[in-house]
Amino acid sequence: MVADLDGTLLGGDQESRLRLRRALERHPEITVVFATGRSLSSVQTLLRQDPLLPGPRWIVADVGASVIDAADMSHIDALERPLRTGWPGRQHVRETLRGFSQLAYQNVAQDGRCSFYLAPEGLTGALTSAVASMGCSWSYSEERYFDVLPPYAGKGPAVRQLVDKHRWPLSSLLVAGDSLNDLSLFHLRSHGVIVGNAEAALTERAPEDPLIHRSRLAGAAAILSALQHLNWVKPPAPVVVGYHRAPARWSEGRWEQPSSPNGILPTLTSILGSKNLGSKNKDGDLHAVWAAAVTAEGHNTWPASFPDRLPMALLPVPPSRWSGYFHRACKETLWPALMSQPHLIHHDPAHWADYEQVNAAFAHHISAHAADGGTVWLHDYNLWLVPGLLKRSRPDLTVGLFHHTPFPPPDVFRALPVAEQLRASLTQLDWAGFHTATFADHFHQLLRDTDTVPRTGVHPLGIDQAAVAALARSRTPHATTTDSPLVLSVERLDYAKAPVHKIQALAALLDRQPELRGRLRFRLVCPPPEPGIRAYETTRVELEEAITALNTRWGTGEWQPVEYIPRSLPFAEVMDHYLAADVFWVTSLADGMNLTAQEYLTAQAASGRAGILVLSRHTGIAQQLGDAALLTDPHHPQDLVDALYTALTTPPSRRRANTAHLIHLLDAATPLDWARAVIAAIGEKPGQG
């Protein structure tokens, strides 16, 4: 999009200019080019002082005599050289035109041009002939501005240089202007809009071309209307979902999606593809957008299309900043507090600055995509600073945040060096959601001494039981033997999952129960974290050393007590492991709902198997199942050993009955119902419900 400044991008009322800026921010794929009579220094001053002016990628300045790369504000000599060919210099022009008393020199910065004030009656043949005698061209606009230019300069020719250099198709170019010095733009044979406040001479002299729209709207409103007419911009959304990552990762030229149908990424994917949730547009579809970060240097790093045609608003975050934000601040500062491991908190001010900058970028990004009075649904601790930043600039928005992790007790939260900064932001929420009443109570306790405490809701997230059950029934059963019981854990590498505790408990059990040696098998499916995260490296080393030691002590040529699978598996393969396992072992020190436990129970029940769940009492799902489940406490090593032995010695008939009972107790909402309930809860006004 190429637009003049004065009267065009700067034209119209403040609200229209704000709407245009937000629309351009929603669509970073639209390249903005300024085409102005101002000098570069004048444009730079505007950019510093005018918050409503969109940021340009390129600047055509000095009525087309200058072409500037706005990334570093440098002149592009290769493009300017042909435009300035034949230019005698500003001083020569002034000397030549000294005898024309009707000219008043403009005492402003000028480069590659010589500009004067001139009344209409002073535009004489003698004056234009004098300009021609120097081999120069001229432009007269708004019955006031007389610009002497190099013979080949002008806004249109300068934009043509950019078009040719970048091979922009004219069908993807929109020009906008309001004065006669914009006339050459409308001879490019591209889309064009003449704003409603344009000088009459431009409207009269511009080509009568169906591609050129003569708008009745002023300035920015006319540009936005033209962009909407071309279907280049979409309206802001009444619902914006903010999550720190996208549901797929761009890698080696393609999008990679998670294989499991459960978890927050598949859940958000399914609800944003649903026609049965929340605010809808006139066609009945959900009108929402998912704001997510993508690790990239810019917006041209990935294709415009996204898997499943999801309505994504991707925010590029440079890899170095992502590392400081996610790998360090999120995982080394905040994650230990969430897992109630305050002794592991490591705070680095430089990495926290990355966290602040990414949150500020998210707040700005979400603001651009949110309709007036819209709903913003944030997710997790990764965006804890967004509520405060967003409410400051957009008090019209209703902002909710759902915590998929545990929320720690107040004394653990306050161990964070940035606790007060985070508390101040969290008080700006309208609503906060949690999987359990305990987590919600911790949140209330943390904020109870503040002026405002957000509304809270408890909404445990379940799984797509029908999909999991169908897959379980479709898999070919593997032969099992009661003489060689299989214990299974499926979890990402994380000290909070207590994987080393498991190996230590298994070693203690084999020491205590010699009859299990040569028979008991423990299979640990443990995918590594995202590359770059150091916080789990100590856990990985300790885990692998413990596994090696245990297998070395008790293993034989035919049997190893631990089978370690340190990689991600397709969900169908995970299902085969669920079906083969006699015991599913969850030992989290702290956890959200723990969806794998629900998947295991569903798979066992659907296939009529006799598996049993050993569940940490510190998971969210344990609050639903209560003492009906075989609970264990990883903070007490002997309890881990005893609970595992109890599971191994429980008769198959009792296991099957226990699983059936637990399935009946699972009352967490399906992903779609859960999302409906959360959206409704965020939007409730105090006193409703």
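Trainee: Which residues of α2 and α12 meet, and what makes this a contact?

Mentor: On the α2 side they are Arg21, Arg22, Glu25 and Arg26, and they meet His364, Ser367, Ala368 and His369 of α12; contact means heavy atoms within 4.5 Å. Divided by class, the residues of this contact are one nonpolar, three polar and four charged, where Ala, Val, Leu, Ile, Met, Phe, Trp, Tyr, Cys and Pro count as nonpolar, Asp, Glu, Lys and Arg as charged, and the others, Gly among them, as polar. This is a predicted model, in which local features need pLDDT of at least 70 and side-chain atom pairs count only at pLDDT 80 or more, whereas totals for chains, interfaces and linings use all residues. Residues are numbered from 1 along each chain as its sequence is written, and side-chain values use heavy atoms, with hydrogens and water left out.

Trainee: Why is α2 called roughly perpendicular to α12?

Mentor: Helix α2 (residues 14-26) and helix α12 (residues 349-369) pack with their axes 8 Å apart, at an angle of about 115 degrees. The axes are lines fitted to C-alpha atoms, for helices over the stretch in contact, and angles run from 0 to 180 degrees between N-to-C directions. Angles under 35 degrees count as roughly parallel, over 145 as roughly antiparallel, 65 to 115 as roughly perpendicular and the rest as oblique, and α2 is therefore roughly perpendicular to α12.

Trainee: What is the hand of the crossing in which α2 passes α12?

Mentor: α2 passes α12 in a left-handed crossing, the term for a near helix turned anticlockwise from the far one by less than a right angle, while clockwise gives a right-handed one.

Trainee: Why are α20 and α21 described as roughly perpendicular to each other?

Mentor: The axes of α20 (residues 571-580) and α21 (residues 595-607) come within 9 Å and cross at roughly 65 degrees, and α20 and α21 are therefore roughly perpendicular to each other. α20 passes α21 in a right-handed crossing. The contact is formed by Phe571, Met575, Tyr578 and Leu579 on α20, together with Thr596, Glu599, Tyr600, Ala603, Gln604 and Ser607 on α21; by class, these are six nonpolar, three polar and one charged residues.

Trainee: Which class of accessibility does Pro529 fall into, and why?

Mentor: Pro529, in the loop between β23 (521-525) and α19 (537-554), counts as partly exposed because its relative accessibility is 24%. Beyond its neighbours within four places in sequence, Pro529 is in contact with Leu493 and Tyr536. Pro529 and Arg492 are 37 residues apart in sequence, yet 6.7 Å apart in space, C-alpha to C-alpha.

Trainee: Why is α18 called roughly perpendicular to α23?

Mentor: The axes of α18 (residues 499-512) and α23 (residues 637-649) come within 9 Å and cross at roughly 65 degrees, which makes α18 roughly perpendicular to α23. α18 passes α23 in a right-handed crossing. From α18, His501, Ala505, Leu506, Ala508, Leu509 and Arg512 take part, and from α23, Gln638, Leu640, Val641, Asp642, Leu644, Tyr645 and Leu648; the contact has nine nonpolar, two polar and two charged residues.

Trainee: What makes β5 and β12 the edge strands of their sheet?

Mentor: The sheet is open, with eight strands in the order β5-β4-β3-β2-β1-β10-β11-β12 and mixed pairing. β5 (74-75) and β12 (212-214) are its edge strands, each pairing on one side only; two strands pair if DSSP finds at least two bridges between them. For β1 (residues 2-3) and β10 (residues 174-177), the pairing is parallel over two bridges, and Ala3 stands opposite Ala176 in β10. Helix α4 (residues 77-84) packs on the sheet and touches β4 (66-69) and β5, its direction making about 175 degrees with that of β4.

Trainee: How many helices and strands does the chain have, and how are they defined?

Mentor: The chain has 25 helices and 27 strands; helices (H or I, at least four residues) and strands (E, at least two) are DSSP runs, numbered from the N terminus. Buried residues make up 56% of the 689 residues in the chain.

Definitions and conventions
Buried means under 20% relative accessible area, exposed over 50%, partly exposed in between (1.4 Å probe, protein chains only).
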